[in-house]
Each structure stands twice: as C-alpha cells, then as structure tokens.
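Please keep the sequence and the structure in view while reading.

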Amino acid sequence: MAEAQSMPGADSAGEAVAAAVESSVVTRTSAPPSFDVADFPVPHGREEEWRFTPLDRLRGLHDGTATANGSMKVELSAPEGVTVETVGLDDPRVGRAGTPVDRVAAQAFSSVEKATVVAVPRDAVLPEPVRLSLHGEGGVTFGHTIFDIGAFAEAVLVLDHTGDTVRGANVEFLVGDGAKLTVVSVQDWDDTAVHVTQHNVLVGRDASVKSIVVTFGGDVVRVHPRVSYAGPGGEAELYGLYFTDEGQHHEHRLLVDHNAPNCRSNVAYKGALQGETARAVWIGDVVIRAQATGTDTYELNRNLVLTDGARVHSVPNLEIETGEIQGAGHASATGRFEDEQLFYLMARGIPAEEARRLVVRGFFAELVQQIGVKDVEERLLAKLEAELAESIA
C-alpha cells in the first residue's frame, strides 16, 4: 500500500471538503477549523493550544519549513473483505469526521495529494484485527488515513508507529450506525522522532468506539483525539497510557463534543514520568451542547512521578450548555508512590524495589487489559518492564 505523502496543491479540494463538513466545536483554539494552512498563524507558544508544546523541537512542522523529504515503510494486514484504496482529497469521506484545528494538522492536509481509505463492509464481523504498521525511515513525512467502518460491523484496528521520522498526520474514523470499533494506537518511535497527529472520530447512531492510545517513544509526541456523534445513542471510551522518559515530551489533547442526545463518553488516561527533563501534558475537553440532552460523561487523568524534576500538566475541562443530562464529571491527580502501598507490600516480605515495580504495574494494569489484543498487550508489558528496570532498579 502506498503512503499518501506529497505535495501542495490540495487547498482548493480542501476548501470544497470544508464547505461540506459541519463546523467543529472550537474550544481554546486561536483560529477556526480549516483545511487551509494559511488560515492558521504560525504559533509562537503563547496560544492556549500551544503553550505547553516545545515548538523549537517540532523540526518545522508548525511553521511550514518542514517539507516532505522522508520515507515511511507501510505494512497492512487485514482479514478478507477489508478493502484499501487511495483516493483524491475530493472524496466525500475525506474530512467527514472532522477538520484540522491547528496549523500542523492543516499543514499535513495541505502536504498530501491523496488519502488512504481502509474500509470494513457493512455487517462484517472481523475475525482478527486490521494491522497498520508505519515505520519511519528518516526525513519528514505527512499522511492522511481514513478508516471507514460500515453499519453494524465489528472491527479491531491496531496502528503501530516505529522508527525515526518527523511526522504530521490526520487520521479519521468513520463509525457507521450500530457498529463497534476498537482502535489501539501505539507510539513506539525511536527517541529522535517527532509525531504530531489529529485523530477525528465520528460515532454513528447507537455505535460504540473504544480507543486506546499508548505512547512510549519519540522525542516529541502530540496526539489530539477528537470525538463527535452523528446521531443519538453513541458511546465512546477513550483510554490512554504513556511512559515519559528523560528528555521526552508526550502530549495528549482530547476533545469529546457531545453534539447529539443520549450519548455517552468515558475518558481515562494514566501516565508515569521518570527523569529530570521528562515532560507530559494531558488536556481533556468535554463539551455538552444544548441539544445533547441525556448525556453521560466522565474523564479521568492520573500521573505517577517516579523521579525528581519530572513535570506534568493535567487540565480537565468541562463545558455544559444544558442541565438535562444523566451525569458529568472529571478528576485529575498527580503524585508519587503511596507510602501505604509500599509499606503494605514490604511488610509481607517483598523487597522495596520489587514493591515499587508492583505498584507501577498495578497502576497501569486496568488500561493494558482494555487493549484486548494479546500480542500487543504482551509487547507493551515487556516495554513497561524495561522502562521500570531503568527507573526503579
């Protein structure tokens, strides 16, 4: 499958697509959503959506100096019936799930001529996951990928990112009415990679989506999932796990736009940080619009700081425009090991170092179990063990 990369000239198509897309909710952004990079000023770091991001480490993704000169090895495996095609940016599926909301996402759109569409047919129940592996081989790459899940279909997607690249990308998930989708996105880049991506999810009527974002690698990784609903009865579960090491910056910005009645969302992200210069950012925005009566939503972020100097910014935000909801809440906590937990384990003869490992494993266990793909779970547990061996040895 060819990677959709390359060259400017997509602006007119982007404008046509933008006209057909319902306007996205804008919260704490400095410019309205747009497919045209020229509609976004070059960020300077004082904007709300960029104030935590080290712009000088984005290698030109934010100011237009990064041009597509790299390569990406792409491998796709999928069960029978799943189709893959390369389409122009005038295809009606392009942009249907959402519009770029920052300059890097618009730059990624403006830097490709084609998009890749992976389609699961209506009523299909896939016996095994669809696996898309992207391995950076150096340089700057851009991409636009769409996963189109037909009505009443059931599918699991595994997106695996490895290697070295400077990457700007848009990924769309179109989830048909009554469909069930699980997405596992793993960012296991080399320590020199930069990855900035916007994930747009459109949840159909009575459909359900479970997203698990796992981030270990990369110099700078910024993932921006955005969820909206195409009809009532939709459900979205957004889980995340990140382990941020010395010198790394991991940023996860979420928006759940409750724009339809009787929909549900649940967000739970957990992170651990080690190293004096480790930095993590979690921003959780939930908007309940006036028409979204019957909404039930909750968001949670917890962070475990393993060493001195590591720093995390955790900002949950909840905007409610109607009082006729089932429930809404949010919570955020950042701290070190709980002495009581360590004392409990050590009092039962477990050495201090092993006790600390057990606490961290337990901290992440419930999120790892959400993945539901055995080989991916085993790989991530092995990666977690390797990180723990460095931090608590």
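Strands (E, at least two residues) and helices (H or I, at least four) are DSSP runs, numbered from the N terminus. The model is a predicted one, in which local features need pLDDT of at least 70 and side-chain atom pairs count only at pLDDT 80 or more, while totals for chains, interfaces and linings use all residues. Residues are numbered from 1 along each chain as its sequence is written, and side-chain values use heavy atoms, with hydrogens and water left out.

A cavity is a set of points, on a 1 Å grid over the protein atoms alone, where a 1.4 Å probe fits but cannot get out; its lining residues have an atom within 4 Å of a point. Grid points are joined across faces, edges and corners, and a volume is the space filled by probe spheres set on the points. By this rule, there are six cavities of 30 Å³ or more. The second largest cavity has a volume of about 110 Å³. Its lining consists of 15 residues, with Leu134, Thr145, Leu159, His161 and Val171 nearest the centre. Strands β4 (130-149), β5 (154-175) and β7 (194-203) each supply at least two of the lining residues, and β5 gives the largest share, seven residues. By class, the lining holds six nonpolar residues (Ala, Val, Leu, Ile, Met, Phe, Trp, Tyr, Cys and Pro), two charged ones (Asp, Glu, Lys and Arg) and seven polar ones (the others, Gly among them).

In soluble globular proteins, nonpolar side chains tend to be buried together. A nonpolar core is a set of buried Ala, Val, Leu, Ile, Met, Phe, Trp, Tyr and Cys residues joined through side-chain atoms within 4.5 Å, where buried means under 20% relative accessible area, exposed over 50% and partly exposed in between (1.4 Å probe, protein chains only). The largest such core has 52 residues, and among those touching the most other members are Phe147, Phe173 and Tyr229. Strand β5 contributes the largest share of this core, six residues. A second, separate core of 25 residues includes Phe35, Val117, Val140 and Val220.

Two individual residues complete the picture. Val256, in strand β11 (residues 249-258), is buried at 1% relative accessible area. Beyond its neighbours within four places in sequence, Val256 has contacts (heavy atoms within 4.5 Å) with residues including Val227, Tyr229 and Val287. Gln274 lies in the loop between β12 (264-273) and β13 (279-288) and is buried at 4% relative accessibility.

Conventions:
1 Å grid on protein atoms, 1.4 Å probe; cavity = no way out; pocket = protein on both sides within 12 Å on 5 of 7 lines; lining within 4 Å.
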